Amino acid sequence: MAFNLQEETISYGDFKVLSDFNLSIKKGEKVALLGKSGSGKSTLLKHLYDLQKENSTYIPQELGLVNNLSVFHNVYISKLDENSLFTNLRNLILPSKQYKTEILKVLKEVELEDKLQSTIINLSGGQKQRCAISRAIFDRKSILLADEPISALDEYLSDKILKLLTHKFETSICALHNVDLAIKNFDRVIGLKNGKVLVDKACVDLTDDDRQKLYYVCD
Amino acid sequence: MTTDKSCIMFVTKNLRVSFVIFIVGLISFLIADLSISTVDTTLLVQEFFFSITKLSFSNYSILFEAFLNTISIAIISIFISSIIGFFLALFFSNMLVRISLSFTRAIHELFWALIFLQIFGLNTLTAILAIIIPYSAILAKVYAEILEEHDTFPEVLRGKSKISYFIFTKIPDAFPHLVSYTLYRFECALRSTAILGFVGITTLGYYLSSSFMQGYYHEVWMILILFYIVVASVKWWFNKYTFIPLTIVSFFYLDDFSGFNWDNLVRFVTSDIVPHPIRNDLGLDKTITWFDNIFSNEIVPGVFNTIILTQLSLFLTAILALVLFPFVSDKFFTKPTRLTSHVFLVILRSTPEYILAYVFLQLFGPSMLPAALALMLHNGSIIGHLMGNESNLLTLREDITKKRNEKYFYEVLPRVYNQFLAFLFYRWEIIMRESAILGILGVATLGFFIDSAIADFRLDKMFLLLLVTAFLNIIVDLISKKAREYLRTNDSFSSCGCSLK
């Protein structure tokens, strides 16, 4: 079991975002969280991250990139805890060939290989998103928690990136807006509305009624 | 594959700029004379710092008077400066006004005091004029920026009555900012007034230096600590409600503003500062020799030393700020550490550089060391404080590294680095102005030659050297502006980072 929430209440400040919430996610599951902004997706993801800090990597909506550093450095950041201070400073000042090759491989998968040395400031919104995704992939944890990771990407890239995210991590949980992409790429969908679960089913079992409900929560 | 293109493409603009600052700073460090010449340095330092335990003062009524004098001169000066500054701000778009103001600004208030001492003698009038002239110029510039910044009313809707539209569209938005900047400037005026004492006016600096020379270190500490209390409590006793009453009280307290002498002023402008070969009609050859002598013996070494001291201090300031700011940042330390560091930084930045340099000079003897140390501590603590604030505003990701060093180099420093360089460039001009003035304490920067010219009563030479000093400052200001444009960090700081200007 990756996560098991029983009757949990999650508040944001004084405001109860999710109350008496039940959710269990098994290892290896690929789950899409659907819902409008304000439905509680981000709060839930952050809460899940708090429960499994060691095993998961988290892509927040605002991405958390360091604007003044290059794409290389921003991807390398996920390795800071593994390496010694010396190695880290060395790679800050003079990136090593080995890391450059490794990171380039990840960037190729998200079609960002030509931006290895660009500073984040000079990237477009979609490029920034793919940089944050590369950081998460390079982190090589077993659980992915991503908050709308493809909101700025076109259809082709969205599809490609979602495939990548569901393959690279044993368990992946992504908050999304697009119902069709969610059903196409994930095993299970959860529709949230005002902090309540409206739909929670494996994609193969979805009825037309369920689909209507999902479109409704994302409307 | 771009992997083998080496690391050249990783060099960003701000790294390039930092590299230049670093190299120039390093060269200055190698050239600068940083020797310690006092024989019993350790003993002296010990004695100085231990005397903090025996705070006392021989004559408290004198001490009280010195504080009242300093405060009321500062109040009157800022009051008059704000009026003149506002008036000048309205004409700031005029090129001539702008150039003459940047000249006035470029000359330090102590130099202005030295000039007016020659004309009006040692009195309150001299002190007030010495503050008013550079402060009006500074306020005019910042007021003009604030007025421009808070101008959201569309040009096309503006009617014929310019004044009415000015009052209705600009003033309401800009007024609170004008007031808060003026109040901030008062704190600086207090520091400036205090150091006017070093040239003989009876403000705090005068008593501080005389206590120091007599070796009464406990009195020095007494003055310093009281000064910190006055500066730290400014916002409680000097605000928009007390401004006008305090101005009136100060006016009556100072009482005597006489000393204005029209003849002296005319003589100074039309005769004293005119190069003496021209004044005495000695011909072109003599004039050239006069200039040549000053140029090779004073201007060249003076400018050289001023630049060396400035660049060394800028470099040291940068390092100190980078080391200090984590200590006041909530990204690195918990509240008790931050609070202690904060108090430490407040003390360092409320001590005028000139006083710090004076103290170090007494302890280490004359060289560039005291001046560089003073400039580093004062400016480093200001920038460190501002960077701490910047880093507190950052929101970092959830899953960032737990290691403190890595967090510093990868997450925090890159995010505040542009700001850091901008702060550094804003302080550059100020460091240069201070480097020149610290010459009065014996380092052979421009101030040293200006001070000796006055001592020899060669006011024509003094005037020439002052012009050179002002020029140097204006050049640095222009380079700094270009550098900020290059780095694209040219955000307006007039409303947030007041302490930069």
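In which sense do strand β7 and β8 of chain A pair, and over how many bridges? Select residues 188-193 of chain A for β7 and 196-202 of chain A for β8. This is a predicted model, and in it the two strands pair in the antiparallel sense over six bridges. Within the pair, A:G191 stands opposite A:V199, which is in β8(A).

**The sheet in chain A**

Now widen the selection to the sheet that holds this pair. It is open, has six strands and mixed pairing, and its order in chain A is β4-β5-β6-β3-β7-β8. At the edges are β4 and β8 of chain A, each of which pairs on one side only. From one strand to the next, the twist averages 15°.

Next select residues 155-168 of chain A, which form helix α6. Helix α6 lies across β3 (30-34), β5 (143-147) and β6 (171-176) of chain A. Relative to β6(A), the helix runs at about 150°.

Select A:E7, in strand β1 (residues 3-12) of chain A. A:E7 is not a glycine, yet its phi is positive, near 50°. Is A:E7 buried or exposed? It counts as exposed because 8 other C-beta atoms lie within 10 Å, and the cut-off for exposed is 12 or fewer.

Then go to A:L63, in the loop between β4 (56-59) and α2 (71-76) of chain A. Phi of A:L63 is also positive, near 70°, and this residue too is not glycine. A:L63 has 19 other C-beta atoms within 10 Å, so it is partly exposed; buried would need 20 or more.

**From chain A to chain B**

Show both chains and look at where they touch. The contact takes 27 residues from chain A and 22 residues from chain B. The side of chain B that touches chain A has eight nonpolar, six polar and eight charged residues.

**The two domains of chain B**

Colour chain B by domain: domain 1 covers 17-54 + 284-501, and domain 2 covers 61-272. Taken over C-alpha atoms, the centres of the two domains of chain B are 22 Å apart. Their contact takes 32 residues from domain 1 of chain B and 31 residues from domain 2 of chain B.

On the side of domain 1 that touches domain 2, the elements of chain B giving two or more residues include α2 (41-50), α18 (404-437) and α20 (459-487). Which element gives the largest share of that side? It is α20(B), with eight residues. By class, this side of domain 1 of chain B has 18 nonpolar, eight polar and six charged residues.

**A helix in chain B**

Select residues 204-213 of chain B, helix α8. Its buried residues include B:L204, B:Y207, B:L208 and B:S211. After α8(B) comes B:G215, with a positive phi near 80°.

**The nonpolar core**

For the last stop, select the residues that touch the most other members of the largest nonpolar core: A:L33, A:L34, B:A113, B:A357, B:A372 and B:L465. This core has 198 residues, and α18(B) supplies its largest share, 19 residues. Centre the view on B:A357. Leaving out residues up to four places away in sequence, B:A357 touches B:P370, B:A371, B:A374, B:L438 and B:L441.

Definitions and conventions: Residues numbered from 1 in each chain as written. Chains lettered and ligands numbered in written order. Predicted model: local features only at pLDDT ≥ 70, side-chain atom pairs only at ≥ 80, totals over all residues. Helix = DSSP H or I, 4+ residues; strand = E, 2+ residues; numbered from the N terminus. Domains from an automatic or database assignment. Contact = placed C-beta atoms within 7 Å. Nonpolar A, V, L, I, M, F, W, Y, C, P; charged D, E, K, R; others polar. Pairing = 2+ DSSP bridges. Axes fitted to C-alpha atoms, helices over the stretch in contact; angles between N-to-C directions. Core = buried A, V, L, I, M, F, W, Y, C linked by C-beta atoms within 7 Å.
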